[in-house]
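This report examines selected local features of a single model.

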Amino acid sequence: MHHHLLQSLRLCATGGNPFHGKTLHALIIKIGLNQYGALPNTLISMYAKCGLIKHAVQLFDEMPQRDPVSWASILTAYNRANLPNRSIAIFPNMFTRDHLQPDNFVFASLLNSCAALNHLQIGRQVHAQFVLSEFSFDEVTKSSLVDMYAKCGSVDIARTVFDTICSPNSVSWTAMINGYARVGRKSEAVKLLKDMKVQNLFSWTALISGLIQSGHFVSAFDLFIEMQKEGVKIVDPFILSSVIGASATFAALELGKQVHCLVLKLGFESSLYVCNALVDMYAKGSDITAAKTAFWYTGNKDVVSWTSIIVGLAQHGKAKEALSLYNDMICTGLKPNEVTFVGLIYACSHVGLVKTGRDLFKSMVDDYGLKPNLQHYTCLLDLYSRSGYLDEAENLLNTMPFEIDEAVWASLLSACKRFGKTQMGIRVANRLIGLGVKDPSSYILLCNAYAGASMWENAAKVRKLMSAFDVKKEPGYSCVHLGKESEVFYAGERGHPMKNEMLVLLKDLDEKMRKRGYVPDVSFVLHDMGKQEKEDQLFWHSERLAVAYGLLKGVPGSVIRVVKNLRVCGDCHTVLKFICSIVGREIVVRDASRFHHFKDGRCSCSDFW
């Protein structure tokens with residue numbers, strides 16, 4: 001009878017069937033076997049695997065006599081429920097309350113908790129206890145140690161432990177490969193993969209996803225292609241969502257589309273992780289229409305699905321759609337998270353919905369118990385600044401419970417210039433100088449603020465500060481995507497094979513723009529030179545070169561998509577509005593701060609960025 005019940009409970013756990021598990025539990029209590037043999041520990045394990053952590057904890061707390069297996073079961077239960085911090089918190093009770101020593105299973109569970117929390121200090125303490133215990137030769141625990149150290153970034157210690165394992169299993173191999181890849185030690189990670197007797201999808205995933213995390217996108221893409229050439233079957237969609245996520249970060253829209261095709265070919269279009277990654281990828285790849293299509297095709301949408309499309313729409317200036325979708329999300333019964341509210345308040349700033357933005361900020365705290373972070377305050381500041389509520393913006397900056405960085409003060413200074421708040425601009429400029437300015441664009445704002453107030457002495461001091469600190473602007477570059485082809489242009493680049501054609505086109509556009517009232521704004525040039533030289537400098541900014549190339553080489557009538565490493569300067573922003581109107585084409589620029597959709601002589605950012 002006892003053996004039969006154990007087998008039945010294990011089947012419930014395997015099948016994740018809580019109803020049958022509860023029925024068996026009731027039967028066990030009825031016949032008086034609830035404290036018999038291995039049944040209590042098996043019940044804890046069953047409830048944990050069925051996702052009923054409260055039941056597992058209640059059983060554990062009610063046990064009159066616990067053993068190491070009980071502790072291993074409850075620690076594993078907390079880890080399964082994504083509550084590793086609870087495992088760490090209750091572990092001391094094993095010594096103080098139950099007077100027990102951990103076994104190899106308890107050590108392994110604790111190390112898994114430390115790995116999940118990136119808690120290196122506690123992980124080292126567990127390691128020390130393990131070395132002093134009778135289980136110090138247990139290879140499963142050593143594998144957990146390798147995983148913990150690798151995830152915490154201590155790859156050399158992880159390798160030392162790895163080398164003591166007589167027969168490393170796939171867990172320790174993949175952990176070590178991923179550890180090297182996550183810290184950017186590509187050659188060691190690749191060598192370890194090649195040294196494996198049997199390379200499978202999970203070892204390749206460990207390598208590729210680790211390289212993506214460390215920013216080695218090109219290497220990761222190359223290895224993904226190599227993996228497919230090796231004939232490794234993709235039986236799990238995680239690697240696909242990982243590569244799609246990399247395409248989003250790297251703004252490689254065409255590659256993302258190819259992986260999307262592979263997703264459809266392999267039949268993983270129902271995977272929620274993959275669908276969410278696709279929504280994010282298309283949004284960041286400047287194709288918000290495709291992002292919306294991917295969103296609506298996603299089944300059983302979760303909060304990440306809704307948040308991805310809301311944030312995407314907000315970044316593309318589609319504020320009304322973002323707010324409408326938020327209402328739809330609430331109607332489904334899902335609760336928004338911190339990121340959702342970042343997107344919503346950001347969206348409000350694009351259409352000047354000050355009251356809505358305030359209400360959302362309040363709702364986040366009052367209705368959902370979420371604590372606002374720096375991003376939320378920054379978005380609220382952006383909303384006030386855009387809408388001309390500069391007194392509120394200044395008050396918010398002075399009362400925010402966060403240390404304010406240079407970019408935030410610079411944003412308010414820019415708004416002061418836009419709305420003619422000269423005296424406030426001087427106050428903000430003085431605060432900004434006190435921070436120790438590092439960004440060259442902030443120096444431009446400062447010079448213009450002081451010059452606008454006829455404070456020539458202060459403006460001269462700012463220029464001296466620029467020279468003293470040897471301020472050098474990061475080289476600007478822009479990448480234009482034309483289907484499978486992409487081309488990168490650097491500011492001032494004049495050695496391109498198509499330079500003559502591009503020059504002719506840009507000069508022609510310049511003529512047409514000037515007839516429509518364009519006057520170059522040379523205040524965006526840092527260097528001390530003549531007016532004509534400054535205009536020439538603006539003429540060769542990278543985004544103009546990229547757009548010219550796109551007009552010459554792209555499919556007629558198609559959208560020109562450009563990704564830029566810096567913020568678009570004010571003069572180029574004006575130029576791109578003129579160009580899109582003259583040529584009748586839509587131009588989408590993803591710069592360092594947001595998306596700009598240039599169409600019919602206007603930009604989605606409403607000229608504030």
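Predicted model: local features only at pLDDT ≥ 70, side-chain atom pairs only at ≥ 80, totals over all residues.

Helix 28 spans residues 440-452, 13 residues in total, and extends 18 Å between its first and last C-alpha, close to the 18 Å expected at 1.5 Å a residue. The buried residues of helix 28 are Pro440, Ser442, Tyr443, Ile444, Leu445, Leu446, Cys447, Ala449 and Tyr450. After helix 28 comes Ser454, which has a positive phi, near 60°.

Aromatic contacts form the second topic. The structure contains 14 aromatic pairs. One of them joins Phe91 and Phe95, whose ring centres are 5.2 Å apart; the pair is edge-to-face because the planes stand at 80°, and planes over 60 degrees apart are classed in that way. Phe91 is counted as buried because its relative accessibility is 8%, below the 20% limit for that class. Phe95, with a relative accessible area of 25%, is partly exposed.

Another pair, between Tyr477 and Tyr490, is tilted, with 50° between the planes and 5.6 Å from centre to centre. This pair connects distant parts of the chain: Tyr477 belongs to strand 1 (residues 477-482) and Tyr490 to strand 2 (residues 485-490), the two residues being 13 residues apart. Tyr477 is partly exposed, its relative accessible area being 33%. For Tyr490 the relative accessible area is 43%, and this residue too is partly exposed.

Ring pairs also join Phe295, Trp296 and Trp306 into a cluster.

Is Asp510 buried or exposed? Asp510 is buried, since its relative accessible area is 15%, and a residue counts as buried when this value is under 20%. Asp510 is located in helix 30, which covers residues 499-515. When neighbours within four places in sequence are left aside, Asp510 is in contact with Tyr518 and Phe539.

Key
Residues numbered from 1 in each chain as written. Heavy atoms only, no water. Helix = DSSP H or I, 4+ residues; strand = E, 2+ residues; numbered from the N terminus. Expected span 1.5 Å × (residues − 1). Buried < 20%, exposed > 50% of the residue type's maximum accessible area, 1.4 Å probe, protein only. Phe/Tyr/Trp six-rings, centres within 6.5 Å; stacked < 30°, edge-to-face > 60°. Contact = heavy atoms within 4.5 Å.
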